[in-house]
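Please open the model in a viewer and keep the selection panel at hand.

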Amino acid sequence: MYVIGCLEANEAGDYLAGFFAPLAFLWLAAAVFIQSSELREQRRELALTRNEFALNRQVATEQAEAAKAQADAARKAAEMAAEQTSILRDEYESRLQYRALEMFQIKLKAAENALRAARFPLKGQSANVPATFDLDNLKPWLNEAKNEIDKNGVLVAPTRWPEPAPIEKAMRAIRALLDEAIRHFKSVSEVEQARHNADLQKLQERVERAEAGIGELARLGWSADREAGSAEA
């Protein structure tokens, strides 16, 4: 301070500048060194970050490939399950159709046998009618009824006709068997329908003829009420 006090202003300024210039240079050098070190650390961190990003990208790629493989496996499993389901459904439908065909044949044969066996004994004897009342062939009975009406104005005497109640009951049973056969027939395959359609139609026609014949006889006056009235008379 004594030296500075003895100097003039410009000389003091030069003195101070000469004194602090090395300090400023050292300060600048230290700052540069510190910044260089910080930049080096930042570059190292950036490199590590890039490596992390690269690893993350690799992991993400591997995960995407694994997810794709899982999706492919799930798709193949779904296709296999769908194929197995289709096979099981086909087998189930095949069993259903086989069962339906079996039941159709059973009911059709039962209806046919019931219609063929539906013969009822007469309450009396008549030379103009068959020995039994046959549901599968009512034509002689229709002719006999019409002839009796033409001659006497009334149906044949009740002693020469079977009871109508069991015949109507048998007809209902035959129709029920035929309806069950038709219901099962609708569930069989088209190939089996084509094979058995003729047999079904033939039996349907026979049952319809029998029903029509029973209806015609009832229209002509053959019924339980009519016979009861005739018996009382």
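Which residue just after helix 5 takes a positive phi? Select G221: its phi is about 115 degrees. The model is a predicted one, in which local features require pLDDT of at least 70 and side-chain atom pairs count only at pLDDT 80 or more, while totals for chains, interfaces and linings use all residues. Residues are numbered from 1 along each chain as its sequence is written, and side-chain values use heavy atoms, with hydrogens and water left out.

**Helix 5**

Next, select residues 190-220, which form helix 5. Helices here are DSSP runs of H or I with at least four residues, strands are runs of E with at least two, and both are numbered from the N terminus. Helix 5 comprises 31 residues and spans 43 Å from its first C-alpha to its last, close to the expected 45 Å; the expected span is 1.5 Å times one less than the number of residues. Centre the view on H196, where helix 5 has a kink of about 50 degrees. This bend is the angle between axes fitted to the seven residues ending at a residue and the seven starting there.

Colour the buried positions of helix 5, which include H196, L200, L203, V207 and L217. Buried means under 20% relative accessible area, exposed over 50%, and partly exposed in between, with a 1.4 Å probe and protein chains only.

A salt bridge requires a side-chain nitrogen of Lys or Arg within 4 Å of a carboxyl oxygen of Asp or Glu. E216 and R219 are three residues apart in helix 5, and therefore separated by about one helical turn. E216 is partly exposed at 22% relative accessible area, whereas R219 is exposed at 58%. Then select E112, R116, D136 and R206, which salt bridges with shared partners join into one network.

**Salt bridges between elements**

The count of salt bridges comes to 13. Among them is the pair K107 and E180, with closest N and O atoms 3.0 Å apart. This pair links distant parts of the chain, as K107 belongs to helix 2 (residues 9-117) and E180 to helix 4 (residues 164-185), 73 residues apart. K107 is buried at 18% relative accessibility, and E180 is partly exposed at 29%.

Move to R119 and D134, which form a salt bridge at 3.7 Å, N to O. R119 lies in strand 1 (residues 119-121) and D134 in strand 2 (residues 132-134), so the pair ties together parts 15 residues apart in sequence. R119 is partly exposed at 47% relative accessible area; D134 is buried at 14%.

**Aromatic pairs**

How many aromatic pairs does the structure hold? There are two. Rings of Phe, Tyr and Trp (its six-membered ring) pair if their centres lie within 6.5 Å; planes under 30 degrees apart count as stacked, over 60 as edge-to-face and the rest as tilted. Select F104 and F185: the ring centres are 5.0 Å apart and the planes stand at 45 degrees, so the pair is tilted. F104 is in helix 2 and F185 in helix 4, 81 residues apart. F104 is buried at 0% relative accessibility, as is F185 at 9%.

Finally, select F133 and W141, a tilted pair at 4.7 Å centre to centre with 50 degrees between the planes. Both residues, F133 and W141, are buried.
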